[in-house]
Structures are given as C-alpha cells and as structure tokens.
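This report describes one protein structure for a reader who has not seen it before. It begins with the chain as a whole and then turns to single elements and residues.

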Amino acid sequence: MKKHLVCIVLFWICTFVKSQKVEFNPLVKATYQSFLKFSNNYPVKPQTFILIGNTKDYYFAGYKNYHKDLDLEEASKKGNGISLTAGDYFQERIIKKNGITNLFGMFRDERLRYEENVTLKWVLYSDTKIINGVKCQMAATNKYGRRWIAYFSTGHAIPIGPYKFTGLPGLIFEIYDTKNDYHFTLIKLEEYPNKFEFNLGGYKKFNKKDFLKASYNLEFTYAGFPMDADMRKEAEDIMTAKRKRYNNPLELKPFE
C-alpha cells in the first residue's frame with residue numbers, strides 16, 4: 001500500500017512539473033537592435049533583443065537576460081525557473097506557446113506573470129524597403145494605444161516578431177510606432193537547431209489587470225513598507241523621480 005502511494009505521489013509530482021514547463025524547437029534566432037523611449041523627458045535607451053522561435057512558438061528577451069536564462073537552463077529544469085536579474089533596461093520576457101502569450105517580470109524579487117490571447121489586425125501595403133539586405137513589405141496595425149509600422153519578409157515564412165507582434169506572412173525585420181518611441185530593427189538572423197525549455201514554476205500567475213497593478217505597486221511605490229515620516233518623504237521623492245523616468249510604457253493602453 002505504501003509503495004503504491006509513493007508511486008502515485010511521484011506520478012503527481014512529475015505531472016505537475018511537466019505541466020509547469022514550456023518547451024519548443026526553434027528554427028531561427030533573430031537579433032534586434034532597439035531604441036526605447038521609456039520617458040518623455042529622458043534620453044532614448046538602446047538595447048539589443050533576442051527572438052528565438054518557429055512558426056508558432058517563440059521566446060523574446062533582452063540580450064543580457066537571454067544569456068542569463070541560458071546559463072540557468074539546468075537550474076530551470078530542476079524547478080528554479082527563469083532568473084530575472086538586473087541587466088537589461090527592458091526586463092520582461094515574452095513566451096508564446098500554443099497560441100497563448102506569457103509575460104514574465106520580477107519586481108523587488110517578486111516573480112510575476114500573466115497570460116493573454118493577443119489579437120492583431122494587420123493591414124498590408126505594397127511599400128517595400130531593404131533591411132539587412134532583405135526586401136521587406138510594409139504592414140500596419142493599431143495596438144496598445146499606438147500605431148505600429150512593420151516590415152516583414154515573405155522569404156522568411158515565420159510569422160513572429162519582437163514583443164507580442166505576430167501574425168504577418170513572414171518574419172518581422174523592423175517595427176516601430178509612429179512616434180518612434182519604440183523601434184526594433186533586425187540586425188542578424190541565424191538558424192537555431194537546439195531545443196528550448198522554460199519552467200513556469202516560481203512565478204505567481206495573475207490576470208493582466210492584477211499583474212499591472214501589483215507590478216506598479218512593487219516597482220513605483222513603497223506600499224506596505226514600515227517607515228517613519230522622514231524616511232517616507234525621502235522614499236516618495238525617489239519614487240516620484242522613478243515614475244518620471246518611466247512614464248511612457250510601450251503599452252499606453254494595455255487592454256486595447
């Protein structure tokens with residue numbers, strides 16, 4: 001009886017761990033140079049991003065964090081998940097699997113994530129341009145309070161791109177909003193034959209609304225921290241300055 005119970009427990013644990021893991025076989029690795037305007041009052045910040053994926057599934061992250069994730073691949077398999085330590089300006093990771101988009105973030109050592117179904121309505125245009133030696137066609141969409149212009153390559157029939165932008169008849173080589181606050185340009189494209197695995201364990205799952213509320217409180221307030229009046233005034237001054245440095249998020253309207 002005891003042996004039977006142990007087998008049941010082990011089966012349950014293995015099933016649970018497997019259910020927490022996202023894995024897929026990428027075809028390409030695309031490197032993007034970006035210019036991100038997090039604030040209307042501060043300079044644009046350049047950052048390199050990595051996109052790894054196939055025709056349905058992908059992973060997107062800042063260059064430094066991508067390498068940290070790779071270094072922790074074995075730890076991830078053991079249940080520690082993806083480490084979101086400091087390194088890139090844009091800390092969030094995006095993973096899309098089976099049509100579901102996951103966004104991961106870490107705020108004051110709290111690991112949070114949410115899932116959403118992203119719907120994009122693209123309009124294709126006949127305009128073309130050469131990007132990194134490849135002829136690309138223009139498309140546009142309205143999403144997250146911004147109008148986005150994209151250039152994709154039908155010669156690379158992988159319908160993915162930076163951040164949450166997917167669904168075009170080819171890989172996105174360039175995408176930017178019409179204010180040019182967020183601009184991503186592909187600078188290198190390679191084959192990627194290795195399998196990728198990601199462990200969702202360790203992340204508190206929220207709906208998007210609660211994720212945004214929790215992440216804002218953790219990132220831009222000292223809510224819940226005991227401190228005297230003088231300390232609180234100094235802390236609030238620091239947070240006010242921080243909010244000014246990050247007052248122009250990519251998603252101006254997160255639920256559009």
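A contact means heavy atoms within 4.5 Å. Of the contacts in the protein chain with a separation of 6 or more, 58% are between residues 24 or more positions apart. The model is a predicted one, in which local features need pLDDT of at least 70, side-chain atom pairs count only at pLDDT 80 or more, and totals for chains, interfaces and linings use all residues. Residues are numbered from 1 along each chain as its sequence is written, and side-chain values use heavy atoms, with hydrogens and water left out.

**Confidence**

The predictor's confidence in each residue, from 0 to 100, is called pLDDT. Its mean over the protein chain is 84, and 83% of the residues reach 70 or more. Over residues 1-19 the pLDDT is below 50, and this stretch has one contact in the model beyond near neighbours in sequence. Residues 73-80 also stay under 50, but for them the model has twelve contacts beyond four places in sequence. Where pLDDT is low, the predicted coordinates should not be read in detail.

**Overall make-up**

The protein chain contains five helices and 14 strands; these are DSSP runs numbered from the N terminus, helices being H or I with at least four residues and strands E with at least two. The chain exposes about 13800 Å², of which carbon and sulfur atoms supply 56%; accessible areas come from the Shrake-Rupley method with a 1.4 Å probe, and for residues only the protein chains shown count as cover. Buried means under 20% relative accessible area, exposed over 50%, and partly exposed in between (1.4 Å probe, protein chains only). Of the 256 residues, 44% count as buried.

**Cores**

A nonpolar core is a set of buried Ala, Val, Leu, Ile, Met, Phe, Trp, Tyr and Cys residues joined through side-chain atoms within 4.5 Å. The largest has 47 residues, and Trp122, Tyr163 and Phe184 have the most contacts inside it. A second, separate core of 14 residues includes Ala61, Ile95, Tyr192 and Tyr203.

Trp122 touches, among others, Ala150, Phe165, Thr166 and Ile172. Ile172 lies in strand E11 and is buried, because its relative accessible area is 0%. Its partners include Tyr32, Tyr151 and Leu186. The C-alpha atoms of Ile172 and Tyr151 are 5.8 Å apart, although 21 residues separate them along the chain.

Thr166, Tyr144 and Asn180 are each found in a loop between two strands.

| Residue | Relative accessibility | Class |
|---|---|---|
| Thr166 | 11% | buried |
| Tyr144 | 2% | buried |
| Asn180 | 42% | partly exposed |

The loop of Thr166 runs between strand E10 (146-153) and strand E11 (171-177). A polar contact of 3.3 Å joins the side chains of Thr166 and Lys96; such a contact is a pair of N or O atoms within 3.5 Å, where within protein one must be able to donate a hydrogen and the other to accept it, and residues adjacent in sequence count only if both atoms are side-chain atoms. Most residues other than glycine have a negative phi. Tyr144, however, has a positive phi of about 60°, and Asn180 has a positive phi of about 60° as well.

**Helix H4**

Helix H4 (residues 208-220) has 13 residues and reaches 18 Å from its first C-alpha to its last, close to the 18 Å expected at 1.5 Å a residue. The expected span is 1.5 Å times one less than the number of residues. Among the buried residues of H4 are Phe211, Ala214, Ser215 and Leu218. At the start of H4, a side-chain oxygen of Asn207 reaches to within 3.2 Å of the backbone nitrogen of Lys209.
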